[in-house]
Amino acid sequence: MRTPLSRRDALKLGAAGLSSGWLSALAASAADHPDRTRSCIVLWMAGGPTQTDTFDPKPGHANGGPFKAIDTAAAGVKIGEHLPLVAGQMKHLAVVRSMATKEGDHGRASLHLRTGNLPQGAIDFPVFGSLIAKEREQPGNDLPGYVSITPRGLGTAALSAGFLGSQYAPMVVGGDSAGGDGPGGLRVENLGLPTNVSQRRADERRELLDELEADFLAARPGAATNSHTSAYQRAARLMRESAAKAFDLSDENDKLRDRYGRNRFGQGCLLARRLVERGVPFVEVTLGGWDTHDNNFGQVKSLCQTLDPAWATLMADLKDRGLLDTTTVVWMGEFGRTPGINPRQGRDHYPNAWSVVLGGGGIVGGQSVGKTGKDGMAVEDRPVAVPDLLATVCLALGIDPRKQNLSNVNRPIRIADQSAKPIKEVLA
């Protein structure tokens with residue numbers, strides 16, 4: 001049974017001289033307490049989703065647009081009308097309406113949100129999923145620590161393990177354009193053995209390869225050879241039947257698959273549940289198309305028809321399987337969109353005031369945090385920066401955000417920047 005650290009417990013630890021504040025107490029406890037160890041599923045909305053039409057509606061104001069605001073399962077928390085199923089899960093979700101960032105370029109903002117840093121000279125920053133994969137490394141697990149499902153719209157830099165090395169890079173699951181398992185079929189390239197190669201034969205070939213490479217690798221120790229070796233080892237483990245089976249959705253109940261939605265995002269969310277169920281610590285599922293400069297309202301309505309059933313079913317499925325308390329779910333993109341509506345009935349890039357949603361394990365749901373003004377143009381209460389958000393997710397996962405890794409230029413880099421002020425209101 002889980003034993004969460006309450007704020008009272010954190011204060012007791014601080015009073016006992018074990019820390020210098022609530023963050024230190026919570027971070028130290030999180031790192032040491034196995035019951036606070038959680039997986040993370042990120043629902044990445046590539047393109048920058050509109051906050052005004054989803055989680056920060058402005059009914060009665062010209063910026064609000066045509067969509068209505070609806071009640072949710074959390075008293076006093078209203079969201080956009082095209083997310084009715086997510087509204088029913090709001091008791092497990094906390095809306096943060098006060099993200100305030102400064103980068104409005106898709107590529108740079110994606111890197112900022114995914115690494116906690118803007119590009120800086122020679123430092124090759126790892127993305128957040130790689131950092132979590134390293135912290136939660138499980139040498140005996142055949143599955144990787146970081147899986148990215150249909151990462152549409154994300155360049156290689158936004159999927160890079162950076163200075164941590166390729167062993168922490170994501171395994172990418174792509175869409176099956178040939179149909180595969182029906183509409184929305186997902187596929188891992190070269191996951192199975194060739195039809196004319198048995199498992200015994202494959203094992204013998206790998207043993208032979210190990211013998212041939214042994215002297216070469218021994219004479220050239222270092223990051224490059226380690227990455228080479230780990231890549232082969234990971235591929236070999238993935239090809240084992242038990243690991244490959246995790247990616248086969250055909251053994252899931254048809255009705256459940258229908259509830260998620262028979263599309264790539266819906267089936268990707270189902271796959272994410274299967275992976276965390278098997279011990280994968282970090283999974284992200286991408287839904288692209290949020291760059292709605294034109295016809296924002298038609299596009300957002302259509303996107304929500306994909307997002308709403310998939311996300312709501314994910315929350316319910318995790319709950320039904322007893323996984324919701326051990327899985328933190330994050331909905332986010334790289335920035336928001338202008339509260340003002342442009343002449344093409346679109347909304348443009350807007351990093352000044354936007355929303356993210358946190359839920360599941362480690363999060364106090366049923367609330368909204370932060371506030372924008374009536375027109376949505378500026379944050380009026382509790383601004384949240386990128387390091388604040390990443391540190392909050394770390395603490396929800398039971399990871400000390402102050403932990404340091406040595407970069408490629410031998411500079412220690414914290415998981416979350418030292419300026420981070422975690423959103424303690426949402427932490428369970």
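Analyst: The model is a predicted one.

User: Which residues of helix 5 are buried, and what covers them?

Analyst: The buried residues of helix 5 are Phe128, Gly129, Ser130, Leu131, Ile132 and Ala133. The elements that cover these residues include helix 4, strand 5, strand 8 (282-288), helix 12 and strand 16 (404-406).

User: Where does serine 110 lie, and which residue's backbone oxygen does its side chain reach?

Analyst: Serine 110 is placed in helix 4 (residues 106-115), and because its relative accessibility is 7%, serine 110 counts as buried. Leaving aside residues up to four places away in sequence, serine 110 touches Trp44, Asp105, Leu154 and Glu334. Its side chain reaches, at 2.8 Å, the backbone oxygen of histidine 106.

User: How far apart are the end C-alpha atoms of helix 10 (residues 264-277), and what span should its 14 residues have?

Analyst: At 1.5 Å a residue, the 14 residues of helix 10 should span 20 Å. The distance computed between its end C-alpha atoms agrees with that expectation, being 20 Å.

User: Is helix 10 largely enclosed or largely open, and how many of its residues are buried?

Analyst: The buried residues of helix 10 include Phe265, Cys269, Leu270, Leu271, Leu275 and Val276, and Arg273 and Arg274 are also among them. For cysteine 269, the relative accessibility is 0%, so this residue counts as buried. Helix 10 is largely enclosed by the rest of the structure because the number of its 14 residues that are buried is 12.

User: Which residue caps the N-terminal end of helix 10, and what is the phi of glycine 279?

Analyst: At the N-terminal end of helix 10, a side-chain oxygen of the capping residue, asparagine 263, lies 3.3 Å from the backbone nitrogen of phenylalanine 265. Just after the helix, glycine 279 takes a positive phi, with a value of about 95°.

User: Where are threonine 150 and arginine 382 placed, and what are their phi values?

Analyst: Most residues other than glycine have a negative phi. Threonine 150, in the loop between strand 5 (146-149) and strand 6 (171-175), is buried with a relative accessible area of 10%, and arginine 382 is in the loop between strand 15 (379-381) and helix 12 (386-397). Each has a positive phi although neither is a glycine: near 45° for threonine 150, and about 60° for arginine 382.

User: How many disulfides are there, and why is cysteine 40 too far for a bond?

Analyst: Cysteine 40 is buried, with a relative accessible area of 0%. The closest cysteine sulfur to its own is in cysteine 394, and because the two sulfurs are 9.2 Å apart, they are too far for a bond. With a disulfide requiring cysteine sulfur atoms within 2.5 Å, the count for the model is zero.

User: How far is proline 59 from lysine 374 in space, C-alpha to C-alpha?

Analyst: Proline 59 is in the loop between strand 1 (39-46) and strand 2 (69-71), and proline 59 is exposed, with a relative accessible area of 59%. Although proline 59 and lysine 374 are 315 residues apart in sequence, their C-alpha atoms are separated by 9.0 Å.

User: What share of the chain is buried, and what share of contacts joins residues at least 24 apart?

Analyst: The chain has 12 helices and 17 strands, and of its 428 residues, 53% are buried. Among contacts between residues at least 6 apart in sequence, the share that joins residues at least 24 apart is 73%.

Definitions and conventions
Residues numbered from 1 in each chain as written. Predicted model: local features only at pLDDT ≥ 70, side-chain atom pairs only at ≥ 80, totals over all residues. Heavy atoms only, no water. Helix = DSSP H or I, 4+ residues; strand = E, 2+ residues; numbered from the N terminus. Expected span 1.5 Å × (residues − 1). Buried < 20%, exposed > 50% of the residue type's maximum accessible area, 1.4 Å probe, protein only. Polar contact = N/O pair within 3.5 Å; in protein donor to acceptor, adjacent residues only side chain to side chain. Contact = heavy atoms within 4.5 Å.
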